[in-house]
Amino acid sequence: MTKPEVVAAILWLSLTAYAVLAGADFGGGLWDLLAIGPRAADQRQAIAEAMGPVWEANHVWLIFMIVGLFTAFPSAFGILALALYLPLTIAMTGIVLRGAAFAFRGHAQEAVGPLSPWGAIFGAASSITPFFLGTAAAAVVSGSIKVTGGRLASDFTAGWATPYGGLVGAFAVAICAYLAATYLTVETEGTPLEDDFRRRAIAAGLVSGVLGIAGLVLAPAAAPPLAQALFGRGLPLTVLALLNGPLALLAVWRSRPRLARIAVIAQVVFVLWAWAIGQWPYLVPTDVTIQGSAAPESTLSALLVVIAAGMALLLPSLWLLFRVFKARNPAVIL
Amino acid sequence: MDNVALARLTMGTSLCFHIAFAVLGVGLPLLMTVAEGLWLRTQDAVWLKLARRWSKAFGILFAVGAVSGTVLSFELGLLWPRFMAFSGAIFGLPFSAEGFAFFLEAIFLGLYLYGWNRLSPVAHWLTSIPIAISGAASALFVVMANAWMNTPVGFRLGPDGRLLDVNPVAAALNPSTATEDPHMLVSAYVVTGFLVASVYAAGMLRGRVDAMHKRGLALGMAMAGAAILLAGVTGDASARFVYQAQPAKFAAMEGLYETRRGAPLHLGGIPLDSEHRVVYGIEVPKALSLLAAFNPEAEVRGLDSFPVADRPNPILVHLSFDSMAGLGLLLGFLAALFWALTLRRRQVPDRRPLLGALVLAGPASVAVLEAGWFVTEFGRQPWVVYGILRTADAATTAPALGPTFGIFLVIYAGLAFTTARLLLLLAKRARAEEGEAGDRSARRRRVVS
């Protein structure tokens with residue numbers, strides 16, 4: 001592997017971590033918004049307790065990806081930031097409002113309860129962010145972002161403000177909800193809440209399954225580069241995802257929370273890496289490549305040193321965090 | 001308004017908002033470490049009470065700082081895609097390091113905030129140390145990137161505009177880093193110290209003259225006092241470095257139009273382009289040359305020696321600089337007065353005029369901080385990368401920047417309002433939990449006196 005590829009793979013790993021960790025936090029917000037029934041308050045409490053100590057750390061994977069992208073692939077970053085100004089700006093408002101609302105609620109509960117405006121903002125913003133990040137991903141995989149002579153040649157709605165963009169956005173929200181509900185069955189194992197979240201996980205799993213299949217079927221027409229990726233080099237992982245999907249749902253159905261959690265995480269990993277491996281060597285198909293947009297060798301080497309040193313501090317710290325707060329369910333550590 | 005103006009307005013507002021929270025992310029963890037450490041050492045519960053109260057407030061403040069910082073990392077690209085496409089490979093390294101520092105801060109903050117009942121007292125105290133260190137490291141790394149924008153080194157431009165010989169380490173350690181980084185770090189402690197002192201001074205003014213308030217005030221003022229001394233030293237070094245490295249910024253800071261030997265210092269006043277001089281200011285002969293180069297006859301370049309298109313706005317820069325330096329000096333005198341009285345009487349002074357001044361010092365220190373950033377940022381204009389890339393050429397061409405700005409203005413106002421409301425509420429709740437008895441008797445004392 002060349003250095004740009006190594007850095008790209010590391011960035012994709014951090015996107016994967018962001019998806020399975022922070023994705024669940026967004027899903028938690030959605031379930032907070034949709035909390036219903038006699039145990040609604042307990043559901044919200046369980047979500048808040050699960051997210052509280054970890055959500056800020058989970059969120060940093062996104063920051064890491066942004067700074068890594070502009071350091072290692074500055075021209076690709078410039079194009080993406082320009083072409084996706086609108087969906088990313090909306091996703092960003094969601095990130096701000098979600099985080100602030102959660103902190104406000106968590107640290108001053110009697111003033112800012114689930115039913116206050118900030119409570120509703122927490123849930124709504126938690127859905128807005130993955131939805132618009134999903135539409136932005138659709139713009140990339142559909143090959144709608146065009147670059148000629150280093151300049152953006154497509155318009156500011158290309159590829160995301162489309163039905164397919166909406167489909168991918170909804171899929172992202174559903175996956176977040178699926179992850180969250182599955183994790184929460186482990187967090188609440190043995191309590192009446194476990195069954196609440198199990199039913200939610202099944203619902204989210206079915207919805208994400210339907211949307212995922214629809215995305216796959218429509219890809220050849222709506223997003224040819226994605227179809228080439230998933231049915232081309234990414235095919236083994238696509239097949240794994242198709243096999244694993246029903247198994248994950250079965251594990252949820254049969255109340256095997258720990259197994260279900262691993263299976264759902266695996267599902268997200270299969271989908272993301274089928275896309276990534278299939279899309280190689282493009283960062284933004286079909287005009288921006290990993291090699292072509294990479295920073296100079298000296299920058300990539302220095303970045304790899306910083307990443308190695310940073311990870312040496314980060315990974316033991318993360319282990320400690322999850323060890324202290326998720327000791328009952330250590331598989332969240334991955 | 002055009003995109004460049006809107007992008008600058010949006011970025012500037014985001015920076016102003018974020019920086020006020022970011023400095024607390026640097027300073028408060030250090031105060032929490034000290035207070036909790038003092039509790040471990042002395043077993044005096046008042047220290048623990050302080051640390052616990054700060055940790056609750058910090059839970060909210062850090063989250064708002066973190067999400068507003070996220071906005072900035074997005075906005076760098078969303079508002080200035082050409083700037084990032086050009087600079088990312090050169091100055092991205094400190095941002096990446098900052099990512100890790102932020103990571104560690106968030107992780108240990110999770111352990112600290114939620115670990116009061118899960119960790120042993122010593123282990124809990126230990127988790128506060130990485131927060132303080134990584135908070136400071138974050139600030140240092142981010143300011144390295146800003147310093148590079150002022151003195152861009154670590155690359156060459158090829159004839160076709162391509163980057164050659166990129167050296168990201170040299171870029172991170174660019175000449176401005178040596179003066180900007182220390183100045184920002186100590187300023188963060190100045191602001192945190194004064195804000196904390198301000199809170200306890202306000203409590204004492206309302207009659208809550210107890211051990212916790214006195215110690216909170218003293219600890220805040222200890223940080224503010226030590227840091228503001230250093231802020232004076234590092235600020236002086238920064239200004240003298242700007243005199244050498246960014247003469248246009250320096251001329252704008254001082255409102256100097258004409259290049260001359262024995263240049264005067266202007267205190268206050270408004271630099272008017274139409275008159276080529278500062279009006280309504282106090283002029284101190286030769287003082288500028290003396291301060292800038294330790295030589296009363298040294299030559300200082302004036303604004304007139306730069307093409308009109310390369311000049312920063314002297315009104316903004318000069319007034320910001322004088323606000324920073326003037327208010328900063330006042331804060332320094334206030335800290336000196338506080339410590340002179342405290343050391344002479346061997347206890348924290350509770351005279352009402354002094355407490356009133358300390359209450360005002362908190363917001364004033366934030367104003368000094370913002371004014372300092374105005375000097376740095378307005379002073380670098382019209383460049384985003386000094387001498388290399390113009391701000392006007394870096395902005396996005398995307399639509400709807402106006403609505404984005406409006407939405408973020410509303411969001412920031414909402415966040416500021418709610419944060420303030422919740423911090424007051426947290427304090428009230430803590431008082432209610434700890435019993436109002438002490439408070440009430442204190443209030444009675446005030447009525448009697």
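**Note on the predicted two-chain model**

1. In this predicted model, 56 residues of chain B are in contact with 54 residues of chain A, contact being C-beta atoms, placed from the backbone, within 7 Å. Elements giving two or more residues to this side of chain B are α2 (45-79), α3 (81-114), α5 (168-172) and α13 (401-433), helices being DSSP runs (H or I, at least four residues) numbered from the N terminus. The largest share, 23 residues, comes from α3(B). The side of chain B that touches chain A divides into 38 nonpolar residues, 15 polar and three charged.

2. Residues are numbered from 1 along each chain as its sequence is written, and chains are lettered from A in the order in which they are written. Local features need pLDDT of at least 70, side-chain atom pairs count only at pLDDT 80 or more, and totals for chains, interfaces and linings use all residues.

3. The largest nonpolar core has 274 residues; such a core joins buried Ala, Val, Leu, Ile, Met, Phe, Trp, Tyr and Cys residues through C-beta atoms within 7 Å, buried meaning 20 or more other C-beta atoms within 10 Å of a residue's own. The largest share of this core, 22 residues, comes from α3(B). Among the residues with the most contacts inside the core is Ala139(B). Not counting residues up to four places away in sequence, Ala139(B) touches Ala22(B), Val26(B), Met184(B), Leu185(B) and Ala188(B).

4. In helix α3(A), 18 of 18 residues are buried.

5. Over residues 329-334 of chain A, however, the pLDDT is below 50. Where pLDDT is low, the predicted coordinates should not be read in detail.

Definitions and conventions
Contact = placed C-beta atoms within 7 Å. Nonpolar A, V, L, I, M, F, W, Y, C, P; charged D, E, K, R; others polar. Buried ≥ 20, exposed ≤ 12 C-beta atoms within 10 Å, placed from the backbone. pLDDT = per-residue confidence, 0-100.
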